[in-house]
Structure formats: structure tokens, C-alpha cells
Amino acid sequence: MRLAILGGPGAGKSTQAEQLCRYLDIAWISTGDMLRGAIATQTELGAQVKAYVEKGDLVPDEIMIELIRQRLLQPDVLKGWLLDGYPRTAFQAEELDFLLDALGQKLDRVIWLEVAEAELMQRSIERSRLDDQPDAVQRRIELLQARTIPILEYYEYRQRVLKIDGNQAPEQVQQELRKMLGDISTDIKNL
Ligand code: AMP
């Protein structure tokens, strides 16, 4: 199965993604973790992206597209994957389609983890990570509205979106996700 999960800062994307990947035995590909890892280990990529991540800005599309291209060529992705936090812009979504076409693959579903804005802010501030300072969180919420939510329409048009209420307890969200994916797994095999 090939999936993407989108949601605001603190929506619970990574918690849900990690559990779902273990359950489905697919590769978990978190662009946020890849970028934070590159910053922490001071790689060339880390130096390029640090200022964007710290401010809550989006890393330029060209960098992200190349990062994903290289990641989807690794052998562990053959069993399926879940993109956690990618694509986040219309350009990334289009480029992902081109890349998958070239690889003879398809994105089966996009999970939209919906959480109210005030709740996103509250949860992020409690988490207090490098990119969870209030200004950065505010910026990430703005970018979610301006750049990421519009791409849901692109996927809705293709009937690929699974919308889930992320205001519920994490266990409940996970249960609902597994059920929804179970219900559509026959569909997906026929895609
Ligand atoms: P996340 O952990 O997914 O919320 O991502 C943390 C930060 O990494 C974001 O606020 C962005 O600065 C950067 N980032 C992660 N994924 C992307 C993406 N697909 N496009 C641009 N920037 C990204």
C-alpha cells in the first residue's frame, strides 16, 4: 500500500504514521524527521534547510522533490510506504505523480488528519521541539492553510482522500484508520 498523511503541526501525523507503518509493514518516510536528522548531524542538506525549518517555513520544493526522489529509490520501499508530511504544495503533489508514473507506481490514498487550529497550537507548544516555538507554529499553520489544504482538492477530485477526525484520542484515530484502510484494501488491489 502507498499512502501519504497530511495534517497540521501537532495533529498527530507521526504518532499515527509510525503505528500504521508497523501494522501494515510498510516503510515510514517522514520528511520532517529526515530534515531534523540532517540538521542535527550537520550535513550539507542540514545546512541548506536549517533556517526554513526553524522558522516554520516550507523548505524549497526543488530540495524536497529531490529528497523524495532519492528516498523512493531505496530498496526498503518495495513493500509499500507512507509519506508523512509530503507532499505539502501543489508543485510537490504534481511532481510526485510524475515520479510515481516513472516508477510505475500509484499513490493509493491520502490521509487528511483534521484538527482544529487552536488545538494544533496548544499541542505544538506542549511538545516544544526545535520548530515548535509559537511564531514557527503560527507560520506552519498559515502555510498549512495556504499551501497544503488546497492540494486536498487535487486528491479529492481523484477520490483518494481519507478524512479522519484527529481531535479524538490517538488510539481511536488509529483504530479508525485501520478500519478505513481495511475497507478499501480490495479496491486498492484493483487500482
Ligand atoms: P513536520 O515534522 O512534517 O511538521 O515538518 C517539520 C518542518 O520540516 C516543516 O515545518 C518544514 O519546515 C519542513 N518540511 C517537512 N516536510 C516538508 C515538505 N513536504 N515541504 C517543505 N518543507 C517541509
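An oxygen atom of the ligand lies 3.0 Å from an N or O atom in the side chain of Arg36, a polar contact in the sense used here (a pair of N or O atoms within 3.5 Å; within protein, one must be able to donate a hydrogen and the other to accept it, and residues adjacent in sequence count only if both atoms are side-chain atoms). The model is predicted, so local features need pLDDT of at least 70 and side-chain atom pairs count only at pLDDT 80 or more, while totals for chains, interfaces and linings use all residues. Residues are numbered from 1 along each chain as its sequence is written, and side-chain values use heavy atoms, with hydrogens and water left out.

An oxygen atom of the ligand is 2.9 Å from an N or O atom in the side chain of Arg88, and a nitrogen atom of the ligand is 3.0 Å from a polar backbone atom of Gly85. Taken alone, the ligand exposes 480 Å², of which the protein buries 97% (Shrake-Rupley areas with a 1.4 Å probe).

The ligand is surrounded by 17 residues, the closest being Lys13, Thr31, Asp57, Gln92 and Arg140; a residue belongs here if one of its heavy atoms lies within 4 Å of the ligand. By class, this shell has 6 nonpolar, 4 polar and 7 charged residues (Ala, Val, Leu, Ile, Met, Phe, Trp, Tyr, Cys and Pro count as nonpolar, Asp, Glu, Lys and Arg as charged, and the others, Gly among them, as polar). Helix H2, residues 31-40, gives the most to the shell, with 4 residues; helices (H or I, at least four residues) and strands (E, at least two) are DSSP runs numbered from the N terminus.

The space that the ligand takes is the largest pocket. Here a pocket is, on a 1 Å grid over the protein atoms alone, an open set of points where a 1.4 Å probe fits, with protein on both sides within 12 Å along at least five of seven lines, and lining residues have an atom within 4 Å of a point. A molecule sits in a pocket if more than half of its atoms lie within 2 Å of its grid points. The volume of the largest pocket is about 610 Å³. Of its 35 lining residues, Lys13, Gly32, Arg36, Arg88 and Arg140 are the closest to the centre. H2 again gives the most, here 5 residues of the lining, which divides into 11 nonpolar, 13 polar and 11 charged residues.

The second largest pocket holds about 190 Å³ of space. Its lining includes Asp97, Tyr155 and Arg160, and helix H5 (residues 90-103) supplies the largest share, 3 residues.

The peptide bond from Tyr86 to Pro87 is cis, with omega near 0°, and Pro87 is in the loop between strand S3 (81-84) and H5. Asp25, in the loop between H1 and strand S2 (27-30), has a positive phi near 55° although not a glycine.

Note on methods. Points joined across faces, edges and corners; volume = space filled by probe spheres on them.
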